[in-house]
Amino acid sequence: MENKSHNTQDVRAAMADMMASKEVFRQAVSYSFEYMDGVSDRPVFPEQKALDGLAAFDEPLPETPGDPKQILSLLHEKGSPATTAQTGGRYFGFVIGGTIPAALAARWLSDVWDQNAVLHVASPITAKLEEVCEGWLVDLLGLPQGTASGFVTGTSVATFCGLAAGRNALLEGAGWDAATKGLFGAPPLRVIMGEEAHATVFKALSLLGLGSENVEKVPVDGQGRMDPARMPELDERCLLILQAGNVNSGAFDSFAEICPKAREAGAWIHIDGAFGLWAAGSKRFQNLTQGVDLADSWSLDAHKTLNIPYDCGIVLCRRREALAAAMQASGSYIIYGEERDNMLYTPDMSRRGRGPELWAALKFLGKEGVGQLVDGLCDNAALLAEMLRERGFRILNDVAFNQVLAACETDELTQKTLAAVQASGECWCGGAVWKETQAIRVSVCSWVTTRDDLERTANAFFQALNNAKMATKTNAKRTLLKTISTKMN
């Protein structure tokens, strides 16, 4: 027992020395700056050597305490090369934004604070910053005054929160208390959404006990927008889910046409605006979001279009009490106060504060800066689409926002070209199936991206296409020669 106590004291003393000397933190800052300075020059996706280097982390849990400097050195030496260069200018996968410097710096400081954002009494600063951000977001996005916000990991959880509030509110209107009675014997609800709804919506519905089998899917047009003329009759038992920014095409549903009728019918309207709802902050693109203020709840990410560090999802709800009731928790030790208590608006109790980096980004950008950021991403997407057209690619979507869908002459050629692009290290993007056609999906989401980055990306696409064509011809020739040889024999 004495030996164990002695070892514990050794560890505590070592940590106290680290806190006093700050050497390991200076080392971390040095590595961080080195990574920042080189991220645009490294392969956008890790090379095989870097991936193989991850084997250095495969070891049994050490028996004794380690050297913090060596630990950090290993993390940088073997970990940094195996990252995707998401903060560079040529990463176009999965709608992932870059990082605004002011937000990143605020994140570093708040990590040192290490606050639990659960209650005002636990962290007054995180409660205040999330309260301020709530008001700024309502103003920026043009939502009803009094709209509540919760800050979560991403749109998956934000959608879950918004639909939970809607589910419970609709059931309450039918005389059923879902919080106490659950869903056993509850009046049935209807869920209506477009055929191109995002996968996270189905995940949220599953978690909420609403499932996917009985969802009423509304047909969409060629860009993935819900067809208002084919909307079923709505009523006060309906959860209607609309979309601000199709994940493939970037298209927006017609909120101005759909929402007034849905409100009149008493339906709960939720808008999945993961990356597209930020269009409301741009004078050039805010027409795409006309009518979103008529919804009841909204979900979006700040780590996509707004370019703040991971992770920061946001749920917004017109009826503050509905969101709070759906997320409610109680306990004798929970000390609610007169100020904002963050846990009222999210499923989490203990969590990190997401307000500091969001506040820093919005304070740095201001309304004008948000508009410039959104406009720049959309302009780059349109420019890249034109560059790809000039190099022989088909563009399958109307580039209405920041998404580009490119394709080659055949599905096979598209797939081979995509594989070559991903292997090139020059840029990285993903694939998709759009209207039964294989496509290369390009999400332009980083403020860092320059015209030179777009040129390099377009040229990488062109080289990949030529390589894929040559490989196809070579394989066809080999197949022909093999066939001839077989017949001769």
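**Exercise 1.** Determine whether D311 is buried, partly exposed or exposed in this predicted model, and identify its salt-bridge partner.

*Solution.* Step 1: D311 has a relative accessibility of 22%. Buried requires under 20% and exposed over 50%, so D311 counts as partly exposed. Step 2: the side chain of D311 meets that of R352 in a salt bridge, with an N to O distance of 3.3 Å. Step 3: this pair links distant parts of the chain, 41 residues apart, with D311 in the loop between β6 (297-301) and β7 (313-317) and R352 in the loop between α11 (320-327) and α12 (355-390). Step 4: R352 is likewise partly exposed, at 23%. Step 5: through shared partners, salt bridges join R107, D111, D311, R352, R354 and E357 into one network.

**Exercise 2.** Locate the two residues of the salt bridge between R190 and E216.

*Solution.* Step 1: the N to O distance of this pair is 2.7 Å, and the cut-off is 4 Å. Step 2: R190 belongs to strand β2 (residues 190-194) and E216 to strand β3 (residues 216-218), 26 residues apart. Step 3: R190 is partly exposed at 22%, as is E216 at 25%.

**Exercise 3.** State how many disulfides the structure contains, and explain why C238 forms none.

*Solution.* Step 2: for C133, the nearest cysteine sulfur is that of C312, 7.9 Å away. Step 3: a disulfide requires sulfur atoms within 2.5 Å. The closest cysteine sulfur to that of C238 lies in C259, 14 Å away, and is therefore too far for a bond. Step 4: C238 is buried, at 0% relative accessibility.

Notes. Residues are numbered from 1 along each chain as its sequence is written. This is a predicted model: local features need pLDDT of at least 70, side-chain atom pairs count only at pLDDT 80 or more; totals for chains, interfaces and linings use all residues. Side-chain values use heavy atoms; hydrogens and water are left out. Buried means under 20% relative accessible area, exposed over 50%, partly exposed in between (1.4 Å probe, protein chains only). Helices (H or I, at least four residues) and strands (E, at least two) are DSSP runs, numbered from the N terminus.
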